[in-house]
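Please look at the sequence and model below before reading on.

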Amino acid sequence: MKLKRKTTTTITQRVNFAVVGDSHVGYANSLNIFKGLLPKAVASGNKKFVIFGGDNKHGSKGTVAESDYRAFKDTVTRNLRPKKIPYKASIGNWEDNTRVLFTKYLGPVQGQMNFPGTKGKVKYVWLDNAPGKFSTASISLLKSLSPNYYYIIDFHWPLKVKGITVDPTHVLSSQETANFFKAIPANVRNNVVGIFTHHAHTFYENLNNIYPGFTKTKFYVCGCSGAYKCKCTSSGCGRGYYDATLTINNNQINLAVKTVKA
């Protein structure tokens, strides 16, 4: 009697999300730009999550700052709540002096959560480096990461990775970059799928060997989703966002990112 061989079915799962950086609500016509950009970012691909990468609102303090935070959050709520899309915002340098308001409207300045749609296989980590330096709590969080999960990490200031070409005044120091990478346990480094940063008013990616020991990590800058310091040419101002997809096939995780100009 022949025994039937068991067959295993491989289920491929795709999780789509958007990354928006440097909206600068409160500066010039940034609010109107944001109101036009965000609906486009969530209109396609059945988005499961949206990352806002800091400098969500522009400068100022007091009642003006609160008004800008409220305008940002109202726009987010109006576009994401009907689709039941969760989001998380990182803190940027223009928000560093209004931390109480940031926390009131946008939540904790660093933390970790399950990445929506991944059934707990992928964790989302957001960090605080708003003043150009990682907070002690952020470094401690990195040291606690477990090899049992994969990670997407977001924070505002870009790392000084191999070959980076963005404005050096908008990149972390070599020492601060080393502090970040060395805080991540050695047995977790191959599980860091992608790092999203912002602050530099441009788009940039580095997909290979961004730092010794991080051979599988992809690195991105997404910093032009508002009116502030986005370089304009005859062909447009280069504003936009990232459309991203996590593909999960058993224990294999892949990240694909596409720049969308808006």
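Which elements do the buried residues of helix 1 pack against? They pack against strand 1 (12–20), strand 2 (49–52), helix 2 (62–80) and strand 10 (240–249). The model is a predicted one, in which local features need pLDDT of at least 70 and side-chain atom pairs count only at pLDDT 80 or more, while totals for chains, interfaces and linings use all residues. Residues are numbered from 1 along each chain as its sequence is written, and side-chain values use heavy atoms, with hydrogens and water left out.

Helices (H or I, at least four residues) and strands (E, at least two) are DSSP runs, numbered from the N terminus. The expected span of a helix is 1.5 Å times one less than its number of residues. The table sets out the two helices on that basis.

| Helix | Residues | Length | C-alpha span, first to last | Expected span |
|---|---|---|---|---|
| Helix 1 | 30–43 | 14 residues | 20 Å | close to 20 Å |
| Helix 2 | 62–80 | 19 residues | 27 Å | close to 27 Å |

**Helix 1**

The buried residues of helix 1 are S30, I33, F34, L37, L38, A41 and V42. Their directions fall within an arc of 130° when seen down the helix axis, so these residues line one face. The arc is taken from the directions from the helix axis to the C-beta atoms. N32 and A43 lie on the other side of helix 1 and are exposed. Here buried means under 20% relative accessible area, exposed over 50%, and partly exposed in between (1.4 Å probe, protein chains only). An α-helix has 3.6 residues a turn, so residues three or four places apart point the same way. After helix 1 comes G45, with a positive phi near 80°.

**Packing of the helices**

The axes of helix 1 and helix 2 come within 10 Å and cross at roughly 25°. This makes helix 1 roughly parallel to helix 2, a term for angles under 35 degrees. Axes are lines fitted to C-alpha atoms, for helices over the stretch in contact, and angles run from 0 to 180 degrees between N-to-C directions. On the helix 1 side, the residues that meet helix 2 include L31, F34 and K35; among their partners in helix 2 are A71, F72 and T75. Contact means heavy atoms within 4.5 Å.

In helix 2, the buried residues include A65, E66, D68, Y69 and F72. Their cover includes helix 1, strand 2, strand 3 (87–89) and helix 3 (99–106). Helix 2 and helix 3 pack at an angle of about 25°, their axes 10 Å apart, which makes these helices roughly parallel too. Among the residues making this contact are G62, A65 and E66 of helix 2, and L101 and F102 of helix 3.

Most residues other than glycine have a negative phi. D22, not a glycine, has a positive phi of about 60°, and H24, also not a glycine, has a positive phi of about 50°. D22 lies in the loop between strand 1 and helix 1, and H24 is placed in the loop between strand 1 and helix 1. D22 is buried at a relative accessible area of 1%, and H24 is buried at 0%.

A18 is found in strand 1 and is buried, with a relative accessible area of 0%. Leaving aside neighbours within four places in sequence, A18 is in contact with A41, K47, F49, V50, I51 and Y242.

Notes: Angles under 35 degrees count as roughly parallel, over 145 as roughly antiparallel, 65 to 115 as roughly perpendicular and the rest as oblique.
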